[in-house]
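I opened the model and looked up two places in it. My notes follow.

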Amino acid sequence: MTDKPQAKPRIAAADWWAVDRVGDDVTFIREPHIEEFYRCNLWHVRGRDRDMLVDSGMGVVSLRAHVPVVTEKRCVAVASHTHFDHIGCHHEFEDRCVHRAEADLLAHPTRANTLADPYVTDDIFTALPPLPYSSTEYAVKAAPATRLLEDGNIVDLGDRHFEVIHTPGHSPGGIALYEKARRILFSGDILYDGPLIEDTYHANAADYLASMKRLLDLDVRIVHGGHFPSFDGARYRALIRAWLDEKERAG
C-alpha cells in the first residue's frame with residue numbers, strides 16, 4: 001500500500017505576493033509560491049510623472065488589489081514579451097505597452113501562444129493560488145496594447161527615460177529597457193542568471209545570437225532580469241561572453 005501524495009496547500013490572496021525595495025526607486029515584486037524556474041520577476045519603477053511596471057506575473061491573484069505600490073500613481077505596464085508568466089495582470093492597467101511583433105498575442109492570448117501549454121500545471125507551484133484557481137482552466141486575459149513599441153522608442157516617466165531595445169530570439173517581440181543615466185537594464189527573458197530558454201515555438205536562433213551580440217557592449221551597472229536574481233555589469237558581460245563562446249564552439 002502506498003501513501004497518496006498530499007494535496008498542495010492553497011495560499012490566501014493577501015499572502016500571494018512578496019515585495020522588496022532594491023534601490024534606484026525600483027521595487028521587486030514576485031510570486032514566491034511558484035517554482036523559481038517558472039517565476040517571473042516583476043519590476044516597479046518610480047517616476048516623477050508616472051510609474052512603470054515591467055511584466056505582471058501569472059495573473060492568478062490580482063496585482064492591483066494586493067500590491068499597493070502599483071496603484072499609488074498612474075502606471076504604465078510594459079510587457080518584456082507575452083509568455084503567460086509575464087502578462088497575467090496586464091489587463092488590470094489602463095496603459096499597456098508591448099512590442100509591435102507581439103501585439104496580437106497580448107490582445108488574443110491562448111494557452112498555446114502564451115506557453116501556458118505545456119507549462120502550467122500544479123507542478124510549477126510550491127503552494128496553489130486560492131480557489132477557484134485551477135491549472136487546467138488557467139488562461140491569460142486579453143489586454144490589447146494602448147501603445148506599440150519599436151526599437152529605439154522611449155518610455156518616459158518624466159524624470160526617467162527608458163530606451164526600448166528590441167531583443168528577439170526568445171520570442172519575436174522581446175524587449176529590454178535601458179536607463180542610460182543610471183545604467184540600469186531590465187533584460188526580460190533574453191538574458192538572466194539562469195538556464196536560458198531558446199526552444200520555444202517562436203524562438204529564433206539567429207535572432208538570439210544577434211541580440212546577444214548587440215547587448216554585449218552596453219554600459220550597464222545592474223541588470224534586473226525576467227527570472228532569477230539581479231546581477232552587476234561584470235556578471236552581465238561574463239554571462240553574454242560565455243553564451244557566445246558556447247555558440248561559437250557549437251558552430
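**Entry 1: S171**

I started with the side chains of S171 and E102, which a polar contact of 2.6 Å joins. The term covers a pair of N or O atoms within 3.5 Å; within protein, one must be able to donate a hydrogen and the other to accept it, and residues adjacent in sequence count only if both atoms are side-chain atoms.

The model is predicted: local features need pLDDT of at least 70, side-chain atom pairs count only at pLDDT 80 or more, and totals for chains, interfaces and linings use all residues. Residues are numbered from 1 along each chain as its sequence is written, and side-chain values use heavy atoms, with hydrogens and water left out.

Next I listed the contacts (heavy atoms within 4.5 Å). Leaving aside residues up to four places away in sequence, S171 touches H81, H83, E102 and H202.

I then placed S171 in the loop between β9 (161-166) and β10 (175-179). Strands here are DSSP runs (E, at least two residues), numbered from the N terminus.

Is S171 buried or exposed? S171 counts as buried because its relative accessibility is 1%. Buried means under 20% relative accessible area, with a 1.4 Å probe and protein chains only.

**Entry 2: strand β3**

I moved to β3, residues 42-45. L42 and H44 point one way, W43 and V45 the other, and all are buried. In a regular strand the side chains alternate between the two faces of the sheet.

I checked the pairing, which needs at least two DSSP bridges between two strands. β2 (residues 26-30) runs antiparallel to β3, with 4 bridges. T27 stands opposite H44 there.

β4 (residues 51-54) also pairs with β3 in the antiparallel sense, over 3 bridges. Here H44 stands opposite L53. β3 and β4 form a hairpin, with 5 residues between them.

Key
Buried < 20%, exposed > 50% of the residue type's maximum accessible area, 1.4 Å probe, protein only.
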